[in-house]
Amino acid sequence: VKYQGRRFDIVIAMDEVALEFAATNRAEFFPETPIVYFTAFPETQRVANSTGILSHVDMRGTVELAMMLQPDLQHVFVVSGTQGAAQLLEAMRTQLQSFEPRLSITYLTGLPTSELESRLATLPAHSMVYYLFVSNDGTGKNFHPLEYLDRVAAVSNSPVYSWVDSTIDHGIVGGNLKSQTVETQAIGELALRVLGGERADSIPVS
């Protein structure tokens with residue numbers, strides 16, 4: 001409604017939900033507009049008149065770093081919310097399977113915040129916390145994911161790690177962190193090529 005009557009030169013869809021929305025509503029909102037998209041999942045379906053950037057998320061690397069920093073590591077506790085992280089959580093489960101039974105991996109998914117904080121404050125020795133993403137807790141309450149990480153780091157009795165660089169300065173030790181700056185630059189460069197006259201379909205997904 002806000003933008004009706006305008007013609008868009010390009011649509012940039014960041015992640016799968018945005019791409020699905022753009023593809024589903026394209027005929028009504030921007031039928032001729034090229035789409036440039038970002039995805040972390042190879043199985044993402046490319047739509048007509050589009051191109052994109054695929055950046056595989058390496059969840060293993062953070063645990064490998066933790067094992068170097070904590071040679072006595074035995075327990076990994078993954079913190080995630082109830083919405084918005086399903087594909088990331090599935091990827092994490094797949095990638096971390098190879099660490100078992102060397103490490104016990106517990107998924108603290110969709111807990112009420114008070115219960116999660118109690119768990120994190122009393123973790124066993126030789127543990128790490130792996131923060132994935134929380135925007136909704138088990139009660140349905142909404143949170144900013146980085147503000148939620150601040151709470152996690154403040155209460156946890158064990159080191160907290162993550163997988164993306166936006167979590168720096170929010171209490172994490174570190175991790176094999178995806179660079180959102182590099183990701184954004186790559187998308188911007190691709191969008192400029194399309195705006196410069198290249199047909200999106202002619203540019204391979206890279």
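Biologist: How are residues numbered, and which pLDDT is needed for local features?

Modeller: Residues count from 1 along each chain as its sequence is written, and side-chain values use heavy atoms, with hydrogens and water left out. Because this is a predicted model, totals for chains, interfaces and linings use all residues, side-chain atom pairs count only at pLDDT 80 or more, and local features need a pLDDT of at least 70.

Biologist: How many aromatic pairs does the structure hold?

Modeller: Rings of Phe, Tyr and Trp (its six-membered ring) pair if their centres lie within 6.5 Å, and planes under 30 degrees apart count as stacked, over 60 as edge-to-face and the rest as tilted. By that rule, the number of aromatic pairs in the structure is five.

Biologist: What kind of pair do Phe8 and Phe30 form?

Modeller: The centres of Phe8 and Phe30 are 6.1 Å apart, with 90 degrees between the planes. Helices (H or I, at least four residues) and strands (E, at least two) are DSSP runs numbered from the N terminus, and in those terms Phe8 lies in the segment before β1 (11-14) while Phe30 lies in the loop between α2 (26-29) and β2 (35-39), 22 residues apart. The pair formed by Phe8 and Phe30 is therefore edge-to-face.

Biologist: Is Phe30 buried or exposed?

Modeller: Buried means under 20% relative accessible area, exposed means over 50%, and partly exposed is in between, using a 1.4 Å probe and protein chains only. Phe30 has a relative accessible area of 10%, so Phe30 is buried.

Biologist: Which residues do ring pairs link into a cluster?

Modeller: The pair of Phe8 and Phe30 belongs to a cluster that is linked by ring pairs. The residues in that cluster are Tyr3, Phe8, Phe21, Phe29 and Phe30.

Biologist: How many salt bridges are there?

Modeller: Side chains of opposite charge can pair when their charged atoms come close. A salt bridge is counted when a side-chain nitrogen of Lys or Arg is within 4 Å of a carboxyl oxygen of Asp or Glu. The count of salt bridges by this rule is six.

Biologist: What separates Arg60 and Glu64 along their helix?

Modeller: Arg60 and Glu64 form a salt bridge, with their closest N and O atoms 2.9 Å apart. Arg60 is partly exposed at 26% relative accessibility, and Glu64 is partly exposed at 35%. Because they are four residues apart in helix α3 (residues 60-69), what separates Arg60 and Glu64 is about one helical turn.

Biologist: Which residue meets Glu117 in a salt bridge?

Modeller: The side chain of Glu117 takes part in a salt bridge with an N to O distance of 3.2 Å, and the partner is Arg151. Glu117 lies in helix α5 (residues 113-121) and its partner in helix α6 (residues 145-155), so the pair ties together parts that are 34 residues apart in sequence. The residue asked for is Arg151.

Biologist: Which backbone oxygen does the side chain of Thr167 reach?

Modeller: Thr167 is placed in the loop between β7 (160-161) and α7 (180-195), and with a relative accessible area of 2% Thr167 is buried. Contact means heavy atoms within 4.5 Å, and leaving aside neighbours within four places in sequence, Thr167 is in contact with Leu146, Leu149, Ser162, Ile172 and Leu177. At 2.6 Å, the side chain of Thr167 reaches the backbone oxygen of Val164.

Technical notes. Polar contact = N/O pair within 3.5 Å; in protein donor to acceptor, adjacent residues only side chain to side chain.
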